[in-house]
Amino acid sequence: MSTLPDPTDALSAVPAASARRAVPVTGRLRFFYGPMDCGKSTLALQIDHNHARQGRRGVLLVRHDRSGLPQISSRIGITRGAVEVDERDDLRELVRARWALGQHVDYLIVDEAQFLSAEQVEQLAELADDVHLDIYCFGIATDFRSELFPGSRRLFELADDLQAVQVEVLCWCGLPGRFNARVVAGRVVRAGDTVLVADTSAASTVRGQSDTGETITEGAEDAETAPATVRYQVLCRKHYRLGDLGPVVAREGQLSLT
């Protein structure tokens, strides 16, 4: 009887090179990316559902979910509890803690992966390579300045599979939207904290953290000024460059004469 450990068992020690050649290496790091509203969180929850139905055991991770809660939430109303990750967490230790409790781990689902540090992405790659976990990351590629998030950049460099989410998001003009414009008090802004969590609704309560870890607010109310509303709007490249949020839409019930 063979005494070699099963390299597909996440609770086993890392197998020797000779044992690893006996079975296919299955751990892969995948990155699903796209603009806001394209259905990344919905897809993350669907993949988790499909794996769980087959008896596989996964861990859901999230960083700055739009709800402000430790969960993955989809805009179509589906939610699932998740482990909130911050910049100090070692994702390898998180998995090892599950092993210490006797829990099997087959895969990780990571939502809002753009907010991970480059080092944390490297930790995910290590988990895929060394203990053969399947890792599914979901996130936005570029920030409101049209620059790659550090986490997304490292995922583009390291992931085995890169997949643009195929649900098309349209700019107000009808062209495909790729750029997440930050809109403050009705105007596109191009400077400010990278991590500022708001939604795509007409007005949002803003929350988030600066790069130094401080809680940040934008448009805070004082004695003389009302708070500025902050939201995000997906635009095509042309209208992102121009800061053009589209024509003013007539109010409900009011007919436009033009």
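Arginine 190 lies over the face of tyrosine 240, at 4.7 Å from the ring centre. For a charge to sit over a ring, NZ of Lys or CZ of Arg has to be within 6 Å of the ring centre and within 35 degrees of the ring normal. This is a predicted model, so to speak of local features takes pLDDT of at least 70 and side-chain atom pairs count only at pLDDT 80 or more, while totals for chains, interfaces and linings use all residues. Residues are numbered from 1 along each chain as its sequence is written, and side-chain values use heavy atoms, with hydrogens and water left out.

**Rings and charges**

- Arginine 182 has its charged end over the ring of phenylalanine 144, 3.8 Å from the centre.
- There are 7 aromatic pairs in the structure; rings of Phe, Tyr and Trp (its six-membered ring) pair if their centres lie within 6.5 Å, and planes under 30 degrees apart are stacked, over 60 edge-to-face and the rest tilted.
- Phenylalanine 31 and tyrosine 33 make a tilted pair, because their ring centres are 5.8 Å apart and their planes meet at 35 degrees.
- Phenylalanine 31 is buried at 0% relative accessibility, whereas tyrosine 33 is partly exposed at 23%; buried means under 20% relative accessible area, exposed over 50% and partly exposed in between (1.4 Å probe, protein chains only).
- Phenylalanine 179 and tyrosine 240 are stacked, at 5.2 Å centre to centre with 20 degrees between the planes.
- That pair ties together parts 61 residues apart in sequence, because phenylalanine 179 lies in strand β9 (residues 179-184) and tyrosine 240 in helix α6 (residues 237-242); helices (H or I, at least four residues) and strands (E, at least two) are DSSP runs, numbered from the N terminus.
- Both phenylalanine 179 and tyrosine 240 are buried.
- Phe31, Tyr33 and Phe156 are linked into a cluster by ring pairs.

**Cysteines**

- Searching the whole structure turns up 0 disulfides, a disulfide being a pair of cysteine sulfur atoms within 2.5 Å.
- Cysteine 171 is in no disulfide, and its nearest cysteine sulfur, from cysteine 173, is 3.7 Å away.
- Cysteine 171 is buried, with a relative accessible area of 3%, and cysteine 38 is buried too, at 1%.

**Helix α4**

- Helix α4 (residues 118-130) has 13 residues and spans 18 Å from first C-alpha to last, close to the expected 18 Å; the expected span is 1.5 Å times one less than the number of residues.
- Its buried residues are Gln120, Val121, Gln123, Leu124, Ala125, Leu127 and Ala128.
- Those buried residues of α4 pack against β1 (29-33), α3 (91-100), β6 (107-111), β7 (134-139) and α5 (150-158).
- After α4 comes histidine 132, with a positive phi near 65 degrees.

**Two loop residues**

- Arginine 57 sits in the loop between α2 (40-53) and β2 (58-62).
- Leaving out residues up to four places away in sequence, arginine 57 touches His104, Val105, Asp106 and Tyr107, where contact means heavy atoms within 4.5 Å.
- Arginine 57 and aspartate 106 are 49 residues apart in sequence, yet 5.3 Å apart in space, C-alpha to C-alpha.
- Glutamate 112 is in the loop between β6 and α4, and at 10% relative accessibility glutamate 112 is buried.
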